[in-house]
Amino acid sequence: MSTASGDLSQLHRDWGLNPATLAPGCFASVMATGIVSIGAQFKGLALISAVLFWVAVALYAYFIVLTLWRVLRFRQGLRHDLHDPNRAFGFFTIIAGTNVLVTALVGLGVIPVAMVLFCVGGLLWLVLGYAIPFTAVLGSSIRPVVTGVNGTWFVWVVAAQSVAVAASSLAIALPKTNTAPQLVVPLSLLAVVMWSVGLALYIACAVFLGVRVLLHPLEPEDFDAPYWVTMGALAISIVAGSRILELESTPLLDATRLLVGGSSALLWAFATWLIPSLVLAGAWRHLRHRVPLGYSAGLWSMVFPLGMYAVASMYLGNSDHVPAIEWIGQHWFWVGFTVWAIVFAAMVWSFIRSLRDR
């Protein structure tokens, strides 16, 4: 192999251009870009929302192609990732990324395409929702498995709640467009069920992480950006709950509405409390222990929670008629957007620098 070919192969490995080394959590960039687009849509920033939406679509299509290529040609590496508890839960980003696009499409009024993507996301959840915990926990050769628990495990929660958000968004939109009204009740039921499953999974993941920290303390190098998903999982649970509160009245919803509304408010308070804790943990990692701060694909796992917190606050403040919470969301959007822009610019600059250095 020539030097040029070797350099190109290394570049492919570094940037995920090679399906053989594609990271399981590659769709985190789709999640992050899509949720910031939805936040801009909610604020009425049509141009920003449209640009971000198409960036998310392009990223989604790109990673879908690489994922299918990997499934067909590089199954050994795929199988290894599925049995690695440190990496396997990253595969749930494909479900969350798909459903973030569904929610964005519903907001744009493109219901038929949203329905098709929702079916894709639902099918992925039915398969991966059971397969990944089985392969990563029961099928892993790493013992004890608890040493592999990290922030990516909470993407399991995000994936479940993304189904709830997409289902409730469609249930709200279908009557307005007179499209498949017979699906409203099943979608509403699915939203409540998946919201409940998501909360149960959050408790389970929190217990697993607590056991991991108590028995195997985190080193500064271990505390990376995906730990922000502990807050992002709460934020998307708030969005799911807020959307459920907007659904038309049914006996099931009427019986659970008080629980959903109260739980969403408590989750928002806890998510708000977590933000300074995560910032301080980052300072402990990078300032006290001098862990280098540079671009890595894992940074998108920090952008998504920041954007989701803004959207969660806007939805909760609107549905619960609490202007103060909505005001926080309206202004926090700019925090999420700024961090998205910084990470995106860092990604582009790091890519350019990699090309220049070769």
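This report looks at a helix, a threonine and some aromatic rings in a predicted model.

## Ground rules

Residues are numbered from 1 along each chain as its sequence is written. Local features need pLDDT of at least 70, side-chain atom pairs count only at pLDDT 80 or more, totals for chains, interfaces and linings use all residues, and side-chain values use heavy atoms, with hydrogens and water left out.

## Helix α2

Let's start with α2, which covers residues 28–43. Helices here are DSSP runs (H or I, at least four residues), numbered from the N terminus.

Buried means under 20% relative accessible area, with a 1.4 Å probe and protein chains only. Just after α2 comes glycine 44, with a positive phi of about 85°.

## Threonine 230

Over in helix α9 (residues 229–245) you'll find threonine 230. Threonine 230 is buried, at a relative accessible area of 10%. Leaving aside residues up to four places away in sequence, it touches Phe154, Tyr202, Leu209, Leu274 and Leu278 (heavy atoms within 4.5 Å).

## Aromatic rings

There are 21 aromatic pairs in the structure. Rings of Phe, Tyr and Trp (its six-membered ring) pair if their centres lie within 6.5 Å, and planes under 30 degrees apart count as stacked. Take tryptophan 268 and tyrosine 309: their ring centres are 6.3 Å apart and their planes at 15°, so this pair is stacked. It links distant parts of the chain, 41 residues apart, with tryptophan 268 in helix α10 and tyrosine 309 in helix α11. Both residues are buried.

Ring pairs also join Phe89, Phe92, Trp125, Trp153, Trp156 and Phe208 into a cluster.

Note on methods. Helices (H or I, at least four residues) and strands (E, at least two) are DSSP runs, numbered from the N terminus. Buried means under 20% relative accessible area, exposed over 50%, partly exposed in between (1.4 Å probe, protein chains only). Rings of Phe, Tyr and Trp (its six-membered ring) pair if their centres lie within 6.5 Å; planes under 30 degrees apart count as stacked, over 60 as edge-to-face and the rest as tilted. The expected span of a helix is 1.5 Å times one less than its number of residues.
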